[in-house]
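Me: I would like to go through how two parts of a chain meet. Please take it step by step.

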Amino acid sequence: MKRWCMVAVPRGSLVVAATAVIATLLYAPQLAAQQTGMPLRFFSSQTIGRVDPIMTQANFLQILSNQIYEQLVRYKTGSWEVVPGIAEKWAASPDGLTYTFTIRRNLKFHDGSPVTLDDIAFSLERAKGQGSVWRDSYATVASIAADRQQNAIVLKLSQKDPFILQKLASIGGSAVVPKAAVERHGDRFGTIPENTIGAGPYRLAQKTQTELVFERFADFYEPGTVERIIMRIIPDARTQRLEFEAGNLDWVGSILDREFMERLRRDTRFQKHYHEGPAPDAFWYGFNANIRPFSDARVRQAVAASIDMEQAVRVLGIGRVANGLLHPDLPGYKQRTRVHARNLDRARGLLREAGLEPPVDATLYVWNIPSFVAMSESIVQQLNSSGLFRTQMQVVEFGTFISEVRKGTYPFFINLGNIGVPDAAQWVFNSFHSKGTFNVRYKNGIVDGLLDRAVRDPDPKRRGELAAQAEERILQDAIAIPIANRIAATVFQPWVRGVEDYNATAGPGYITVRWNKLSVDRR
Amino acid sequence: MPLGTVILRRAALSIPTIGGIAIVVFVLLLVMPGNPADLIQGEMVNPEVTQALVQKWGLDQPPLVRFGRWLGSLLRGDLGSSLVTGRPVLEMLGPRMAYSAYLGILGIAFGMLLGIPAGVISAVRPNSLSDYATTTVALAGLSLPVFVTALILQLILGFHLRVLPISGAADSLLSPAMLLYAVLPAISVGLYQAAINARLVRTTMLDTLHQDFIRTARAKGLASLRVIGRHALPNVLIPVVTLMGVYLRTVIAGLLLVEIIFAWPGIGRLFYDAVRQRDYPVIQGVALVTAVAIYVVNLVVDLVYTYLDPRVRLEAEA
């Protein structure tokens, strides 16, 4: 039998097999030890290319930006409250047009260079400049200047902006970078440890093919206990979950899996370590008002009146039915009854008025997140079973989806938009004003008028009220059918301390978690 | 024909093929929906930012100008730079290729190690219990898609038994721990090959064992193991080697899925990320380098084939 093997098996393969067995025996204990070490371990499903604050709006990059770069001001973890960052305090002039930010002294960047007023002014100008994703946030900022005598940065506004602090607190919105390093590295700034330089609590120490390693920055002005953070790149959602359940990861930032969520809710070990709350986004089915038959409001209303959203959201499993477009955290939010509740007779009448003979053909475009697809299947089934529509669904990956929606080629699609700052007026303006940045090809003079007034109004409450009036019109017009307030969920392993007393999913959500406020004790 | 001439001739013949692949990939990218300038911004796409980035990257240039520029760089040995990281594509490809090659070689080794002996045993004792077992397992191996195999292995050996890592890779390919990380993905990649090898070796071996030269060897009084090992097996291995070129394509396709499931930092995952982010230079680079790699491996397979089967060489010389 022994000779059999010698004859039939290539010798090289035997060597490989033997080495594998020996390595397994020798290194398994070592590997186990690595897995029970003390750094905080989490993951990103996306490969990290560049962490440059002016290009950082996606959540997976904001998590990192929040640790690497310190901002002028920032959000308190799990809250919309703005707290000091590089600015230790600030004051607004009585007319609300000048903000003076007093800067902490003796701050350093990760490369040891001092944080200067010039660096701060440069960073804010950069965020305001062309090519920055924060450009819109600085629309009301007329000038940025350094006041050396007061050791302060002075922002002059062109009009009163009640949300300017929140805009600056958005992760990446006022992140401070070293001017010299940015000028030296250009487009490569933020790509590798050598050129990723901030003044935040953690510095990028290592970037390998498999993980990013962060080390605590000793010169940061706040103390921290977690010395090292390891962020692994794990693209597959199922693998991420297995790694967490096996104890190899300490934190899952955003859970989109309904079954996993339900399991964590029941598991008493995670009682104080599983957080959930309304996600800071709005979720709706949208129409392109330039494409027939949805250019006719009656057809859109007929679609809305053919859907039982309760049923669809049960399938989604990670949200609660929303009857409006405003997020519960936004001023102006109110509990509504559904404007176009399911009523098939009314829907049939609307189609008749529009001169259309059922079934009307429609294609719903959905991006490929399993829970979104499942819910949309339920919508398609409802529309088709009504006999009023002949709907098909196209599932597309995110890259295609986002570009095609922006180009305006999809007539009927799912939409999920982050609310950014808790300003109802700006949020509704961005999506539904004819000049809004993310407009879905909708133009309504009354809505435009209300929103123009809303974004100019310095009083947050009145802004909210005007936005709510615009929302009412939008819902009547059925250019968007609200779906749900999505539930954001995040979970830490029970051995992660410092997360028990707040809800990490509140406010802007899990992206605001600061690692230096955590500690890890796997004993 | 001298070996050097054969290689040079094949290399010259590869130029139009690889050039054709470069054109096809470029055209596919032109018609591919999605825009890297949108994707780099996340969910909230600001058209002004998109416009600025499109201009900066030269994506607003006519396709011919873009292709010409890329080809010019290629001729200078430059595959361009990633739109996302700004890093040169060649610099990104190197380590990723090494990770994929490591996994691919282990997968193929596993496929050989398991498939060839299984096929031989099955053929030597046809219709026996071992034959039925081998055939059944081979059929299962052929029927299970790579991602199903991967998930089963991950769940049983990684999660429940905890004898191997669920996912990941060591930082260095030279690290002995790397083998631990590679076991499950390599089995996932290699199982299909093992199944094909087992079936192919079984069939070929059954044929070979009835050939005259085997009867002669037995008549000369050679031991059964020697007959099989020295006389039958080299003949059986010829179709296995011939299929190596085909295997490679299957392995590369399998690697794409396996690298995602096991978080393995190879070229498949690089390609997946690049497509998701519409990082055009990286997509073009991966496609081109993969095409060249397949071409080179096929050339090597052909050369090995002539070594294993002298008749091929003699025919060529004649």
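Me: How many salt bridges are there between domain 1 of chain B and domain 2 of chain B?
Reply: The model is predicted. A salt bridge here needs a Lys or Arg side-chain nitrogen within 4 Å of an Asp or Glu carboxyl oxygen. Between domain 1 and domain 2 of chain B, the count is 0.

Me: Which residue ranges make up the two domains of chain B, and how many residues does each give to the contact?
Reply: Domain 1 covers 22–75 and domain 2 covers 93–317. Contact means heavy atoms within 4.5 Å. On that basis domain 2 of chain B gives 9 residues, and domain 1 of chain B gives 14.

Me: How much area do domain 1 and domain 2 of chain B bury between them?
Reply: Interface size is often given as the accessible area lost when the parts come together. Carbon and sulfur atoms carry 74% of the area in this case. The total for the two domains of chain B is about 1,000 Å².

Me: Which residues of domain 1 of chain B lose the most area to domain 2 of chain B?
Reply: Three residues stand out on that side. Together they make up 43% of what the domain 1 side buries. They are B:L29, B:M32 and B:W70.

Me: Which element gives the largest share of the domain 1 side that touches domain 2 of chain B?
Reply: The elements that give two or more residues to this side are α1 (3–31), α2 (36–39) and α4 (63–75) of chain B. The largest share is 4 residues. That share comes from α1(B).

Note on methods. Residues numbered from 1 in each chain as written. Chains lettered and ligands numbered in written order. Predicted model: local features only at pLDDT ≥ 70, side-chain atom pairs only at ≥ 80, totals over all residues. Heavy atoms only, no water. Domains from an automatic or database assignment. Buried area = accessible area lost by both parts, 1.4 Å probe.
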